[in-house]
Amino acid sequence: MRDTWPLLKDSDFPAIRRDRITTLQLNLGYLCNIACLHCHVAAGPNRTELMDRQTMVEALAVAEKFEVKTLDLTGGSPEMNPHFRWLVEQAREQGLHVMDRLNPTIMEEPGYEWVGEFLAEHRVEAIASLPCYSAENVDAQRGNGVFEASIKALQTLNGLGYGDSETGLVLNLVYNPMGPSLPPPQGTLEADYKRFLHDQFGIRFNQLFTITNMPIKRFGSILLSKGQFEEYMDLLRNAYQPANLKGVMCRELISVDYRGRLHDCDFNQMLELNLGESDGPVELSDLLQTGQLPRRIHVANHCYGCTAGQGSSCGGALSD
Ligand code: SF4
Ligand code: SF4
């Protein structure tokens with residue numbers, strides 16, 4: 001895989017500062033049952049990196065110390081971490097809101113039949129990736145059969161009460177473009193998704209989050225090999241909207257990798273950029289000892305992916 005970091009690091013992206021953190025985003029590991037083309041984590045079935053129980057204990061302690069409200073679980077497929085259920089149970093007992101960035105196809109894999117019921121029982125917010133409502137496009141980006149498996153899983157979640165205002169169980173979907181383009185307006189696309197998925201498959205959900213593809217890792221490498229990297233960076237830069245700076249997710253979130261190392265966001269984690277531009281790795285245990293979070297955030301050219309057009313964060317558009 002070709003690395004885009006040398007092309008990203010010399011940057012004129014404006015400095016930003018961290019506010020009070022509300023969310024701890026834990027990457028439980030890079031193991032996933034599928035290997036999508038756009039994946040900025042380069043996750044897949046052969047990855048072995050997984051967060052251990054002790055790191056989770058420290059993460060819960062940091063959440064308590066910093067009075068964080070939300071634990072945002074991501075991966076890979078977070079449910080493939082053998083301690084996933086333990087972590088969710090502990091977090092809920094601690095009063096945390098838990099979000100699971102769910103690749104819905106995992107629910108159709110043998111051995112993972114428990115996922116839907118478990119999430120519903122613990123009132124976990126499900127954020128499911130479905131990069132298009134066309135079977136052809138989804139299978140092209142994520143692999144054959146992924147669309148069908150995703151639809152079945154979403155129907156299962158609906159059957160458990162997800163996406164239903166009476167139960168309050170929240171199901172949000174995530175869209176990202178197929179290639180080097182910006183996402184369409186989030187509100188318009190959400191209306192299209194709702195109409196199509198309901199009419200064709202009886203599926204209901206709460207919100208659609210549109211997310212811009214980042215020019216790093218697997219997606220960045222594809223851009224380089226197709227000679228599209230510069231063009232995509234120009235697209236992101238030319239669409240820069242300063243108003244989006246105030247909503248970028250790194251202001252209120254810190255990202256923790258499977259080893260317990262801290263980063264300003266999930267993208268910086270993938271680029272192995274230390275929290276707040278520190279010289280060496282900062283770990284959960286450091287935070288527990290010092291109680292100090294640096295206000296500085298490590299920015300570079302990939303940050304234009306968060307501020308282009310309507311903006312992009314793990315909660316979708318910033319200014320739709
Ligand atoms: S489902 Fe998510 S984590 Fe897994 S390969 Fe696809 S984008 Fe990456
Ligand atoms: S890429 Fe990360 S550090 Fe840069 S603006 Fe986006 S969230 Fe912040």
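Helices (H or I, at least four residues) and strands (E, at least two) are DSSP runs, numbered from the N terminus.

## Basis of the model

This is a predicted model, in which local features need pLDDT of at least 70, side-chain atom pairs count only at pLDDT 80 or more, and totals for chains, interfaces and linings use all residues. Residues are numbered from 1 along each chain as its sequence is written, while chains are lettered from A and ligands numbered from 1 in the order in which they are written.

## The sheet

Eight strands form an open sheet. Their order is β6-β5-β4-β3-β2-β1-β7-β8, and the pairing is mixed. Two strands pair if DSSP finds at least two bridges between them. β6 (208-210) and β8 (262-263) stand at the edges with a single partner strand each, so one side of each is left without a neighbour in the sheet.

β2 and β3 run parallel and are joined by four bridges. Here aspartate 72 stands opposite methionine 99 in β3. Four bridges also join β4 (residues 125-129) to β5, again in parallel. Alanine 126 faces leucine 171 of β5 across that pairing.

## Strand β5

β5 covers residues 171-175, and five of its five residues are buried. A residue is buried if 20 or more other C-beta atoms lie within 10 Å of its own, exposed if 12 or fewer, and partly exposed in between; C-beta atoms are placed from the backbone. In a regular strand the side chains alternate between the two faces of the sheet. In β5 both faces are covered. Leu171, Leu173 and Tyr175 are buried on one side, Asn172 and Val174 on the other.

β5 pairs with β6 in the parallel sense, over three bridges. Valine 174 has phenylalanine 209 in β6 as its bridge partner.

The loop between β2 and α3 holds glycine 76. A cis peptide bond joins glycine 75 to glycine 76, with omega about 20°.

α3 spans residues 84-93, and its buried residues are Phe84, Leu87, Val88 and Ala91. They fall within an arc of 95° seen down the axis of α3, so they line one face of the helix. The arc is that of the directions from the helix axis to the C-beta atoms. An α-helix has 3.6 residues a turn, so residues three or four places apart point the same way. The buried residues of α3 pack against α2 (53-65), β2 (70-74) and β3 (97-102). Contact means that the C-beta atoms of two residues, placed from the backbone, lie within 7 Å. Glycine 95 follows α3 with a positive phi, near 85°.

## Helix α6

α6 runs over residues 146-159, 14 residues in total. From first C-alpha to last it reaches 20 Å, close to the 20 Å expected at 1.5 Å a residue. The expected span is 1.5 Å times one less than the number of residues.

Its buried residues are Val146, Phe147, Ala149, Ser150, Ile151, Ala153, Leu154, Leu157 and Asn158. Glycine 161 follows α6, with a positive phi near 105°.

Glutamine 269 is found in α10. It has 24 C-beta neighbours inside 10 Å and counts as buried. Its C-alpha atom is separated by 9.9 Å from that of isoleucine 254, 15 residues apart along the chain. Leaving aside neighbours within four places in sequence, glutamine 269 is in contact with Asn27, Ser255, Asp257 and His263.

The loop between α10 (266-270) and α11 (284-290) holds glutamate 272. Phi of glutamate 272 is near 55°, a positive value in a residue other than glycine. Glutamate 272 is exposed, with 11 other C-beta atoms within 10 Å. Glutamate 277 lies in the loop between α10 and α11. Its phi is also positive, near 60°. Glutamate 277 is partly exposed, with 13 other C-beta atoms within 10 Å.

## Ligand surroundings

A residue is near a molecule if its C-beta atom, placed from the backbone, lies within 6 Å of it. Of the 13 residues around ligand 1, Cys32, Cys36, Cys39, Ala43 and Asn103 come nearest. The shell of ligand 1 divides into seven nonpolar, six polar and no charged residues. Ala, Val, Leu, Ile, Met, Phe, Trp, Tyr, Cys and Pro count as nonpolar, Asp, Glu, Lys and Arg as charged, and the others, Gly among them, as polar.

Around ligand 2 stand Val248, Met249, Cys250, Asp264, Cys265, Phe267, Asn268, Ile297, Val299, His302, Cys303 and Cys306. This shell has nine nonpolar residues, two polar and one charged.
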